[in-house]
Amino acid sequence: MIDAAVRELAEETGVDPGRVFPASQTPVYIEYGRVPARPEKDEPDHYHLDIGYSFVTDADVGRIQESEVRGAAWYRLAVAERLVGHRIARAVSAPAQID
């Protein structure tokens, strides 16, 4: 699953996948919920399973995939916590490990 998360991260943010390393093999969050229909994307009402991982990198954000991402940038932790909320606290609580 981590490989899929790295692929998505690279596809959607342009980050070099060779410079992204999992901070932990364990997901930092798992969420399940209803997603309303989006006729403009031809998507019906459905349920979505979100599995989030934490990564470390020294790579820059590249060209974002505008159909999936509204923006991507690096932030100091305090700012990221205000923007994203409780997910960040769980994500950074795992010790970084680069093999």
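The questions and answers below go through salt bridges, aromatic rings, surface and core in a predicted model.

User: How are residues numbered, and which pLDDT is needed for local features?
Analyst: Residues are counted from 1 along each chain as its sequence is written, and side-chain values rest on heavy atoms, with hydrogens and water left out. Because this is a predicted model, side-chain atom pairs count only at pLDDT 80 or more, totals for chains, interfaces and linings use all residues, and local features need pLDDT of at least 70.

User: How many salt bridges does the model hold?
Analyst: Side chains of opposite charge can pair when their charged atoms come close. A salt bridge is taken here as a side-chain nitrogen of Lys or Arg within 4 Å of a carboxyl oxygen of Asp or Glu. By this rule the count is three.

User: Which residue meets R19 in a salt bridge, and how many residues apart in sequence are the parts that the pair ties together?
Analyst: The side chain of R19 meets that of D58, at 3.1 Å from N to O. R19 lies in the loop between α1 (2-13) and β1, and D58 in the loop between β4 (55-57) and α2 (77-84), so the pair ties together parts whose separation in sequence is 39 residues. Helices (H or I, at least four residues) and strands (E, at least two) are DSSP runs, numbered from the N terminus. The partner is thus D58, and the separation is 39 residues.

User: Is D58 buried or exposed?
Analyst: Buried means under 20% relative accessible area, exposed over 50%, and partly exposed in between, with a 1.4 Å probe and protein chains only. R19, with 35%, is partly exposed. D58 has a relative accessibility of 58%, so this residue counts as exposed.

User: Where do R34 and D45 lie, and what is the N to O distance of their salt bridge?
Analyst: R34 sits in strand β2 (residues 29-35) and D45 in the loop between β2 and β3 (46-52), so that the pair links distant parts of the chain, eleven residues apart. R34 is exposed at 52% relative accessible area, whereas D45 is partly exposed at 40%. Their side chains meet with an N to O distance of 3.0 Å.

User: What is the arrangement of the rings of Y32 and Y47?
Analyst: Rings of Phe, Tyr and Trp (its six-membered ring) pair if their centres lie within 6.5 Å, and planes under 30 degrees apart count as stacked, over 60 as edge-to-face and the rest as tilted. A search of the whole structure finds one aromatic pair. The rings of Y32 and Y47 have centres 5.6 Å apart and planes at 15°, so the pair is stacked.

User: Is T13 buried or exposed, and which residues does T13 touch?
Analyst: T13 belongs to helix α1 and, with a relative accessible area of 12%, is buried. Contact means heavy atoms within 4.5 Å. Leaving aside residues up to four places away in sequence, T13 touches V61, G62, R63, I64 and A72.
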